[in-house]
Amino acid sequence: MCGIVGYVGRAQAAPILLDGLRRLEYRGYDSAGIAVVDGGRLETRKCAGRIAALTQLMRKQPVSGSLGVSHTRWATHGKVTDQNAHPHFDASGKLALVHNGVIENYQALKDELIRSGDTNFRSETDTEVLAHLIGKLYDESCASTVDIPEKKARLLAAVRAALRQVIGTYGITLVHADIPDFMIGARRGSPLVLGVGDGENFLASDVSAIVAYTRDAVYLNDFDVVAAGRDKFEITSLAGDSTEHPVSKVEFTAEDIGKGDYPHYMLKEIFEQPNTVRDAMRGRLDPDECTAKLGGLNMTPPELRDVGRIVLTGCGTALHAGRVGEYLIERLANFPTDVEYASEFRHRNTPMTPETLVFAISQSGETADTLGALRESRRKGFRTLGICNNVASTIARESDGGVYMHAGPEIGVAATKSFTSQLAILTLLGLLFGRMRNLSATDGSRVIGALEALPGQIEAVLELSDQIKEIAKKYVDANGMLFFGRQFNFPVALEGALKMKEITYLFAEGHPSAELKHGVIALVRPDLPSVFIAPDDSVFSKNLNNIEQVKARKGPVIAVTSGNGPKHLKGIANEIIVLPEAPEYVMPILAVVPLQLLAYHLAVELCRDVDKPRNLAKSVTVE
Ligand code: F6R
């Protein structure tokens with residue numbers, strides 16, 4: 001959700017900034033821009049469109065200088081135009097600022113600036129208002145001639161004073177044409193990381209933008225303000241007090257965030273799932289005690305035994321994982337589990353009992369709605385844990401403990417491997433809580449066996465990719481797709497539909513199979529295939545009835561089944577995809593893979609931009 005990259009050093013800034021923007025493009029891709037300080041002047045290039053358009057523009061009109069800021073945008077305030085692309089400038093045109101987040105009181109601040117005589121606004125954005133405010137405060141404080149160190153101190157003071165007036169969220173980076181070798185960054189609610197180099201420093205929304213240049217990173221906290229030169233940096237609070245931050249080593253390398261031999265990140269990430277599911281379980285299975293070991297929960301056995309209810313919260317795919325988790329924990333541990341949209345949980349007065357344990361599920365660990373839910377839950381005094389992939393993320397840092405996914409960077413905007421890692425972790429939680437209650441050692445051991453079999457079984461499902469590609473070709477003219485499943489596989493239907501709409505732009509909906517006859521059946525027609533996730537389980541015969549109902553109305557059926565399923569479905573379903581046999585509670589981890597592949601292959605057939613679907617951005621850091 002908007003990507004920021006800033007550079008101060010001795011190298012040419014522009015190639016580093018452009019390279020960083022390309023790596024951040026998954027965060028937003030409707031416009032992009034760059035501003036570089038060159039001998040006391042700001043050189044700016046910005047345009048609507050992708051980074052490729054900016055690159056082209058910069059080829060025609062190159063810029064030079066070793067201090068600069070850059071931005072890739074996902075529009076919040078103001079249409080997608082060249083004018084609204086970042087960087088934005090103060091009234092003097094000497095200060096360039098890039099921003100990720102939303103300044104909620106921008107109109108009041110703008111009115112105040114206009115009243116004071118500043119009418120030189122060139123865009124419709126909230127960001128420009130902040131640039132003007134900082135510029136005004138700085139210019140007022142620099143009325144008399146001052147030297148460079150004093151200018152730095154006064155710009156820093158102006159940034160702090162302006163940010164104290166802001167209501168909303170921001171990750172910002174700014175430079176000033178009069179101050180060489182100096183950039184400032186600050187965050188509240190939107191991520192910002194400082195990359196510490198040798199004679200150079202970087203600022204970025206996500207460490208993947210700068211990992212090719214340095215693996216030493218300082219993750220900023222809310223209300224931190226960082227002032228960085230070539231050889232040093234200082235982090236202070238909004239009040240001006242110095243704060244200490246450790247320099248951490250980034251876990252992955254620039255190679256890890258490449259596409260390898262795959263045409264798209266999404267396909268690479270789908271095919272990584274045997275390994276990522278294995279990594280989610282690594283060292284966490286205890287075959288001797290027939291349970292799971294999850295030390296990161298930071299809870300003693302008595303505290304774990306006292307848990308009486310679980311609330312799982314998240315957004316999008318992470319929420320769907322939570323919905324599977326609800327079935328899982330109820331089945332394995334047999335105690336109440338609820339799932340809440342993070343965005344609703346935060347604003348709703350959900351009655352909570354004291355023994356409630358809350359989990360915030362988030363791949364990025366930066367989703368604003370999920371972070372809001374986590375903070376609300378902690379404010380109310382509930383122990384709140386994270387299930388995150390990004391170990392340096394705000395949710396990971398602000399939670400009372402949790403379980404990391406260890407899935408490696410997920411770049412494709414459509415979440416895939418993070419979903420199956422989340423499901424593996426939720427199964428471990430079900431096992432852990434189950435073994436503290438009624439789950440026998442024999443049953444616990446069966447769960448471990450089922451989990452250990454998963455990586456090999458996912459590999460077997462991935463071998464169906466060519467079959468699924470042929471199915472995708474056959475339905476390339478479909479006018480949409482319906483997804484149905486029951487019990488553990490109802491959330492898989494929701495996830496299959498989400499993948500389909502995100503990357504093919506086809507209309508798609510997921511429903512519990514039995515709901516078909518309560519209204520959805522009105523949609524059934526020959527150009528709208530129905531995908532049934534109908535493994536050979538306790539509800540197979542019920543699913544079969546629903547499949548017959550669709551067939552009776554000339555709706556094509558794509559069935560995802562297992563065991564004896566194909567025998568019953570032959571002659572009824574138009575397409576049959578066969579999964580390996582597995583217990584119901586781990587079946588979603590297998591069943592979602594063909595749905596990911598179906599969405600992927602159909603999107604490719606339709607020539608969609610698989611990794612960067614329209615209107616979307618990964619890591620939604622605004623509400
Ligand atoms: C779906 C997708 C989104 C995210 C949602 C939560 O493919 O990518 O629905 O799942 O925005 O993101 P995280 O997990 O980062 O909190």
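In this predicted model, Thr350 is in contact with Arg309, Glu340 and Phe345, leaving aside its neighbours within four places in sequence. Thr350 sits in the loop between α10 (342–345) and β19. Its relative accessible area is 9%. Thr350 is therefore buried, as the cut-off for a buried residue is under 20%. Thr350 and Val604 are 254 residues apart in sequence. In space, their C-alpha atoms are 42 Å apart.

Thr367 is placed in the loop between β19 (356–362) and α11 (368–379). Thr367 is buried, with a relative accessible area of 12%. Neighbours within four places in sequence aside, Thr367 is in contact with Cys315, Ser362, Ile395 and Val620.

Lys110 belongs to helix α3, which spans residues 106–115. Its relative accessibility is 15%, and Lys110 counts as buried. Contacts of Lys110 beyond four places in sequence are made with Phe121, Ser123 and Val129. Lys110 and Val447 are separated by 337 residues in sequence. The distance between them, C-alpha to C-alpha, is 59 Å.

An open sheet of eight strands runs in the order β3-β2-β4-β1-β10-β9-β11-β14, and its pairing is antiparallel. Strands β3 (41–48) and β14 (248–249) stand at the edges. Each edge strand has a single partner, so one side of each is left without a neighbour in the sheet. Within this sheet, β2 (residues 31–38) pairs with β4 (residues 67–73) over six bridges in the antiparallel sense. Ile34 has Ser70 in β4 as its bridge partner. Helix α2 (residues 51–60) packs on the sheet and touches β2, β3 and β4. The direction of α2 makes about 135° with that of β3. Helix α1 (residues 13–24) lies across β1 (3–8), β2, β4 and β10 (201–204). Helix α1 runs at about 155° to β1.

Other pairings follow in the order of this sheet. Strands β9 (residues 193–196) and β11 (residues 216–219) run antiparallel and are joined by three bridges. Here Leu194 has Val218 in β11 as its bridge partner. Strands β11 and β14 are also antiparallel, joined by two bridges. Asp216 is bridged to Lys249 in β14.

An open sheet of five strands has the order β23-β22-β24-β25-β26, with parallel pairing. The edge positions are taken by β23 (508–512) and β26 (575–579). Each has a single partner strand, so one side of each lacks a neighbour in the sheet. Neighbouring strands are turned by 20° against each other on average, direction ignored. Strand β22 (residues 481–485) pairs with β24 (residues 530–533) in the parallel sense, over four bridges. Phe483 stands opposite Val531 in β24. Helix α16 (residues 490–504) lies across β22, β23 and β24. Its direction is at about 180° to β23. Helix α17 (residues 540–552) lies across β24 and β25 (557–562), at about 170° to β24.

In soluble globular proteins, nonpolar side chains tend to be buried together. The largest nonpolar core of this model has 89 residues. Those with the most contacts inside it are Leu297, Ile310, Phe359, Phe433, Phe483 and Leu598. Helix α19 (residues 587–605) supplies the largest share of this core, 13 residues. The core draws at least three residues from each of domain 2 (258–456) and domain 3 (464–612). Leu598 touches Ile468, Ile471, Ala472, Met481, Met500, Val531 and Ile558, not counting residues up to four places away in sequence. A second, separate core has 36 residues, including Ala32, Val63, Ala209 and Ala254.

One helix pair was also described. Helix α13 (residues 417–435) packs with helix α14 (residues 441–462) at an angle of about 170°. Their axes are 10 Å apart. That angle makes α13 roughly antiparallel to α14. In α13, Thr427, Leu428, Leu431 and Arg435 take part in the contact. They meet Ala441, Gly444, Val447, Ile448 and Leu451 in α14.

Terms used: Residues numbered from 1 in each chain as written. Predicted model: local features only at pLDDT ≥ 70, side-chain atom pairs only at ≥ 80, totals over all residues. Heavy atoms only, no water. Pairing = 2+ DSSP bridges. Contact = heavy atoms within 4.5 Å. Axes fitted to C-alpha atoms, helices over the stretch in contact; angles between N-to-C directions. Core = buried A, V, L, I, M, F, W, Y, C linked by side-chain atoms within 4.5 Å. Buried < 20%, exposed > 50% of the residue type's maximum accessible area, 1.4 Å probe, protein only. Domains from an automatic or database assignment. Parallel < 35°, antiparallel > 145°, perpendicular 65-115°, else oblique.
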